[in-house]
Amino acid sequence: MHSPGFAPLAPRSARWHTALLAVLLPALTAVSASAQETVFSNFDLAGWARLGVISLSVDPATGTETGATAREAHFVRAFDGDRTSSVAARRPGPLPLAVDFEPPQVLRRVRVWPDGPDAFAVSLEIVQANGQRFAAGETVIDDGAAAVFRLLDVECSRVEITVERITGAPGNAETDGPTVTSVADIDISGRLVIEDIALQDVPRTMPEGGGFPVRIVGRDSFGGRPDLTAQAQIAATPARSLALTRGSRAVALANGTIALAPVLGSLRGPELTTAVLPLQTAPPAPTAIPGTRSTWLGLQGEPPFQILRRQVGAKSTQHVGRCDGDHFVDTGLAAGRAYQYSVRRIDRFGNPVSAPSREARVRILADAPPGHADAGRLPTLVVIFTDSLQPGEREAIEESIEAARGFLDRHSRGGLLVDTTYLPLSGPTPITTGPTMAGIEARLRSHGIEDDQYAVVFAVADDLSGSYGGFTLLGRTAGAFGRTGTAPTPDGALGPDPGMAWAFVHELWHVIGLQLAESAGLPLQPTGHFADDFAAGLLGPEMQRPFDAGDLWDGQAALLSRFEAWDRVGAPYRRLIEVIDRDGDGLADDDPRLPLDERRLGSDPTAADADGDGLDDRAEAAAGLYRGTDPNNPDSDGDGLGDGDDPWPLDDFTGVIARGPTLRRLATLPTTARPDAPSLELAAAWTEQGLIVSVTADGPCDVFLSLDGSGDLGPWRGRFDTGVEGAPAGDVWTGDQRLALRAHHEPRGVFVGDRRVPGARVRAELHDGRHVVIAELPAALGPGSPSAWVPPGSPRSSGLQLQVGTVIGLGVVVRPARADDPAPFDPWVNGADGRPAWLSLFEAHRLLDAVLQP
C-alpha cells in the first residue's frame, strides 16, 4: 500500500496573486468527523446574503435628483454569487454602501474595487458590536487598484463604505448631469469557524502529465461556502503522485488512479479519485482555406481543440488558440507566407489529451482575388445546459438558432454574420435570477473558456429566470440568455422552435444596441421594446428616426436594417472572415460558412441584380421577413408590378382604400409567392364615420385586425395622451390591443383586447358558398393602448384620422371560428395537432400601408 501525502497551498494576499511552489509533506493521521477549525478568510458574501447573515444597502438618491439620474441610483447586481465578484453598484455623486452583520463578525480586512481606471476617494467606517463607531481610514486610488483597509480583528455589526470618483480617465468625462460613481466589487475577510471542506472540479480522468486548478471550498458555521484554497492542503494517494505548481495547479506525476482529499487542520474532506490515462490517438489533420490575412480551419473530432501553427521552415510550433467547435479562424498572417497547422484534443483544463494531428500546409494569398471582401463575423458561443431539456429539444433549439442566424444576416444585409459554436454542458443550470450571468461565467471559466475568446455568449436552458441581454462577462465578451419568446411565427418559417429563434434575435439586439453600438461610437440604440423606445425618444421624428414597421418580427427587421455601423464595430466583437463576392451585391458567390450565398439563393453571382427588377440580390433576400423574393422573377407576387417598384413584392396588395360604402378588393391569397396558401380576400372602404373591412374565406372564421391609424410611424406613434389622467388613447390597435372581429360564435362583436368596442358592428354573410366577415369600425375607435406610459406633452388623438391622404397600416390574421372558444381573443392558437391554426394574410407582424383616396 502507498501511504498518502499532502501539500499545503501558500496563502494569497490578493485575488490576482499566485501560490508559491508547494512541497509534499509526511503522511496524515486520522481525524474526527465532528472537528471544527477556525481560520481567517474571505467571507462568502453571496451565500451569507441568501442565508440572512448579512444585508447590503445603499443610500437612496436625494430629492434633487430626478429622471434618468434618479434611476441610476441603484444596484446593478448585489452579491451575485461567483467566486470573486461580490457586489456592483452605481449612483450619481458619492456612492455610500453599507454591509450589516447579524450576528456581529470579527473582521480583519475590507477591500473595495471602484469600477474604472479613474481616481476615487474611498473611506471606511466601522460600527462595533457594542454600537461604538470609528473611522477605519480613507484613501485615494486609481488605475483600477483596490482600496484596502486592514483591521485588528474588530468585532463589528456594520461596515460603511463611501466611494466617490474624483477624476475621470481620458474619454470618460461626464458632461451631462452629476458624475456617476460605480463600484465593481467588495470583499471582506475575518474569522470563520469551518465545519467541513471539499475539493471542487476534480476531473474524473486526466491525461498523463495533465493537471487541474485546485479549489477547496468549506462550509462555515452559518452555512456559507467560503473559498479556502489558500488555507487548506491536498492529501494524495499514492504518495508523491501529485505535485502543486505555481498558480495552485495540481499536476499528475504518474499514470493510474489517484485518490485526493482536502485537509484543513483536524478536518479532512471526502475523497475523490481521478484516473491518469495515456494520450489518445491524434485527430485528423485540419482542412485549411487561405485568405489574404487569415486561414479558416475546418476541424474533425470531439472538441475542445488546441490549434498549433508552424511557419514553414521553422522548428517550433506556436499555440494560436482554443476551439470549442468545428472551425477556427487564424488571423494576422503575412501575405504570401506558408504555414503548417496541426490540432490536438485538450480537456477543459487545457491539458493535451491526444497527440498532435498531421500538419496541413497552406500558403496565404499574395494578392486579393476578384470579389475579395471581409464580411465580418460575430463569434457567438451558444451554451446549452442539457440537463434542463427534454429528448430532441436540443436539436430543435440548434435548428431554430441557425434559422435565426439567417434572419439576422438577411435583415442586416450581411452586416451581422453570427458565427455560432454550440457548447452542451451537463449539470444544473446556473442561477440567473437578478438577472445575472455570473454563475454562467463561472461555469464557462471552469470549462476553460477564455476572456474575449468569443464576441458573444448566449445561454439556453429551460429553467432560466427569463430572457435578458446586455451583460458583459469573460473580459469584454457580451452576454445574453433566453429560451423562448412571445412572437408567433408562421409554421416552419424559423425552425421547429420559433420561440427560441425570437429569444435569440431579440436578446442579441440588446447586445447590438448596447455593446456593439458603443464600440462603433454610436449613441444608445432602441431596445426593441418599441412602445418604451418611442416614449423614451429613441424612435420617432424628434430623433430623426421615423419608424414605419409592424410589431415584433417586422420591428426587429427594421432595427437591423437601420443599424448604421456594422463595419465600424470594434474589438472584440467584429472579427475577420474573407469571402468572394464577384458582383459586389453583399452575397458571397458560394460559401457554406455563411447562412446564405448566391448559389443557395439561386441568383447569378456575376450580376448584382440578376432579374433586372431594381432590387439587387441581397435586397431580394431581405424583401420578406422570413423569406425573400425570387431573384430570377421581376414580379415575384404576380400582381403586375415589378419587385423594384412594388412596396410589397411578396403580397398582392393594392394599397388603396376608396371612400364610399362600396367595398373594394385590397389583398388576396394565394399569390405567386405563396401558391399553397388558402383562399382569402381582404376588402375595405371608408367614410367620415368609420372604416369598413371584410374578409372572405372558404369557411367560418374569426378575424384579428392590427390597425395603425397614423400609418407613417408604426404602431408606437399611437400612444397619445387624451388629457384624461391614466387613460391615454390612440389611433393604434396592435399587440394585445388588436381588434377581434367575431361574427359566428359567442362572444360576438368587435373587441379591443377583451373589451367590447362601443359603436362597432360585425356580421357574417354567405356569398356563393364562401363565408364573409364584415366589420364597421367607428372613427372614434380609441383607446387603442390604455396601459401605455405617455410622456408629458405628447400629441393627442381621439381615434382614426379618416381623411383623404391618410395612410392606414393593416395586418390581418384569421383562424377557424370555434364554438365555446377557450381563447376567443387570442389569434395565435394551435390546432389539435399542435401546429398553428391561424393564417396571416400578410407576413405575421408586418403592417402594410393603404392610403385613403376619394
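For the entries on cover, I take contact to mean heavy atoms within 4.5 Å. I note at the outset that the model is predicted.

Entry on helix 4. I looked up the buried residues of helix 4, which spans residues 438-446, and found Ala 438, Gly 439, Ile 440, Glu 441 and Leu 444. I then asked what covers these buried residues; the cover includes strand 28 (377-385) and strand 29 (417-425), together with strand 30 (456-460) and strand 31 (468-473). Just after helix 4, I found Gly 448 with a positive phi of about 100 degrees.

I traced an open sheet of three strands, ordered 12-16-15, with antiparallel pairing. Strand 12 (211-213) and strand 15 (242-245) are its edge strands, each pairing on one side only. From one strand to the next, I read an average twist of 25 degrees. Strand 12 and strand 16 (residues 249-252) run antiparallel and are joined by three bridges. Within this pairing I located Gly 211 opposite Val 251 of strand 16.

Entry on the cores. I recorded 57 residues in the largest nonpolar core, where Phe 504, Trp 553 and Phe 563 have the most contacts inside it. The elements giving two or more residues to this core include strand 28, strand 29 and strand 30, as well as helix 3 (393-411) and helix 7 (553-562). Helix 5 supplies the largest share, 12 residues. Apart from this core I found another, of 54 residues, including Leu 107, Phe 120, Met 206 and Leu 244.

Methods:
Residues are numbered from 1 along each chain as its sequence is written. This is a predicted model: local features need pLDDT of at least 70, side-chain atom pairs count only at pLDDT 80 or more; totals for chains, interfaces and linings use all residues. Side-chain values use heavy atoms; hydrogens and water are left out. Buried means under 20% relative accessible area, exposed over 50%, partly exposed in between (1.4 Å probe, protein chains only). Helices (H or I, at least four residues) and strands (E, at least two) are DSSP runs, numbered from the N terminus. Two strands pair if DSSP finds at least two bridges between them. Axes are lines fitted to C-alpha atoms, for helices over the stretch in contact, and angles run from 0 to 180 degrees between N-to-C directions. A nonpolar core is a set of buried Ala, Val, Leu, Ile, Met, Phe, Trp, Tyr and Cys residues joined through side-chain atoms within 4.5 Å.
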